[in-house]
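Please take a moment to look over the sequence and the fold before reading on.

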Amino acid sequence: MFKKILLAATPQMDKLTAPKAAFDLARSRNAEVILFHTLPMEQDAWCAFDDPADRDRLLASAEARIAAYFKDDLSGIRHSIRVTSGVPHEEMLRIIHAEAVDLIVMGHHTRPAHRPDRMWGVVDTTIHKVCANVFCPVMVVTNPMPEEPTIKRIVMATDFSTPSDSALCYAVQMASAFDAHLDIFHVLDVGQVTPNPEYYMQSMQVFIDKAVNRMQCRYAHALDGIDHEFHCWEGVPYVEILKQARWQEADVVIMAQYSSSEDHAKPSVGSTTIQVALSPGCPAILVNYRARTCI
């Protein structure tokens, strides 16, 4: 698991967040790391497009600066550096498909360029654009990683949709590979704006017991041999998922890229997956749907 990792490298990213997570995973799994960066059309922190140089020299200059910036961190890791120019997610997708990458590591910008015409979060929709077009999972890292990170506890959030079933299979595979405990969690969505009247008709415990029983029946076969627990309670999904991960001291949260309640055609800035991924906490792995047969 994790033989080739692509790190979206940017000078606006803290080296102790996404880069450290990618490098530590690569060392623990003996994986190759591809450091990827796209130069914008006008200006970039690795190089300036007003330099009297042609495109190839600009790309080579940026590649040299990236190599120098991560020199110590890359010691002992098989790696390559790819610098292109163009639309970031489109260029990234070309490399992902060509290189058969099996994990993408991304992070949010800690020092974003001043863009008064953009709301918070819109700059991070590259994460959604990448997720929507690849089969391999995307790990989003926002917090600094511990000195010696391990994956010993995984929280997997499910809404019982087909994409969530696929993500569950991936979580089981990951728990087996890392010998980790797996917490399967479902949130009864009470409605962030409009309350769900269904939950006011009888005791909430009735709905909780029903959901836990549904998880047991649906996932028992896939969890054979995996240390696991089922959890459920009511609330706003992204808030409760973050709380569950914090209370369980989870090392990673796994979620499906799409849920049954989201309109795929709408912007994803407010989606549960993006809200969890971009909020401070442990890394979140967003799993796009692909047919898996563990259930």
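**A walk through the predicted fold**

Helices (H or I, at least four residues) and strands (E, at least two) are DSSP runs, numbered from the N terminus. The model is a predicted one, in which local features need pLDDT of at least 70 and side-chain atom pairs count only at pLDDT 80 or more, whereas totals for chains, interfaces and linings use all residues. Residues are numbered from 1 along each chain as its sequence is written, and side-chain values use heavy atoms, with hydrogens and water left out.

Taken as a whole, the protein has eight helices and ten strands, and buried residues make up 50% of its 295 residues. Here buried means under 20% relative accessible area, exposed means over 50%, and partly exposed lies in between (1.4 Å probe, protein chains only). Among the contacts in the protein with a separation of 6 or more, 78% are between residues 24 or more positions apart, a contact being heavy atoms within 4.5 Å.

Confidence is highest in strand β6 (residues 153-157), at a mean of 97, and lowest in helix α4 (residues 125-131), at 72. Over residues 112-123 the pLDDT stays under 50, and the model has five contacts for them beyond four places in sequence. Residues 259-269 also have a pLDDT below 50, and that stretch has 18 contacts in the model beyond near neighbours in sequence.

Returning to strand β3 (residues 79-85), we find Ser-80 within it. Is Ser-80 buried or exposed? Ser-80 counts as buried because its relative accessible area is 18%, and, leaving aside residues up to four places away in sequence, Ser-80 touches Glu-32, Val-33, Ile-34 and Leu-35. The strand around it is mostly covered, with five of the seven residues of β3 buried.

The next topic is the nonpolar core, a set of buried Ala, Val, Leu, Ile, Met, Phe, Trp, Tyr and Cys residues joined through side-chain atoms within 4.5 Å. The largest such core has 73 residues, of which Ile-5, Leu-35, Val-105, Ile-154, Met-174, Leu-182 and Ile-254 touch the most other members. Helix α5 (residues 162-178) gives the most to this core, with eight residues. Leu-182, not counting residues up to four places away in sequence, touches residues including Ile-154, Met-156, Leu-168 and Val-172. A second, separate core of 23 residues includes Phe-36, Ile-104, Val-130 and Val-134.

Helix α6 shows how a helix can have a covered side. With its 16 residues, α6 reaches 23 Å from its first C-alpha to its last, close to the 22 Å expected at 1.5 Å a residue, where the expected span is 1.5 Å times one less than the number of residues. Its buried residues are Met-204, Phe-207, Ile-208, Ala-211, Val-212, Met-215 and Tyr-219. These residues lie on the same side of α6 because they cover an arc of only 135° around the axis, the arc being that of the directions from the helix axis to the C-beta atoms. An α-helix has 3.6 residues a turn, so residues three or four places apart point the same way. The cover over the buried residues of α6 includes α5, β7 (181-189) and β8, while the face turned away from the buried side carries the exposed residues Lys-210 and Cys-217.

Finally, consider the loops. Gly-225 is found between α6 (204-219) and β8 (228-235), and Gly-225 counts as exposed because its relative accessibility is 76%. Asn-30, in the loop between α1 (18-29) and β2, has a positive phi of about 55° although it is not a glycine. Asp-179, in the loop between α5 and β7, likewise has a positive phi, of about 50°, without being a glycine.

Key:
pLDDT is the predictor's confidence in each residue, from 0 to 100.
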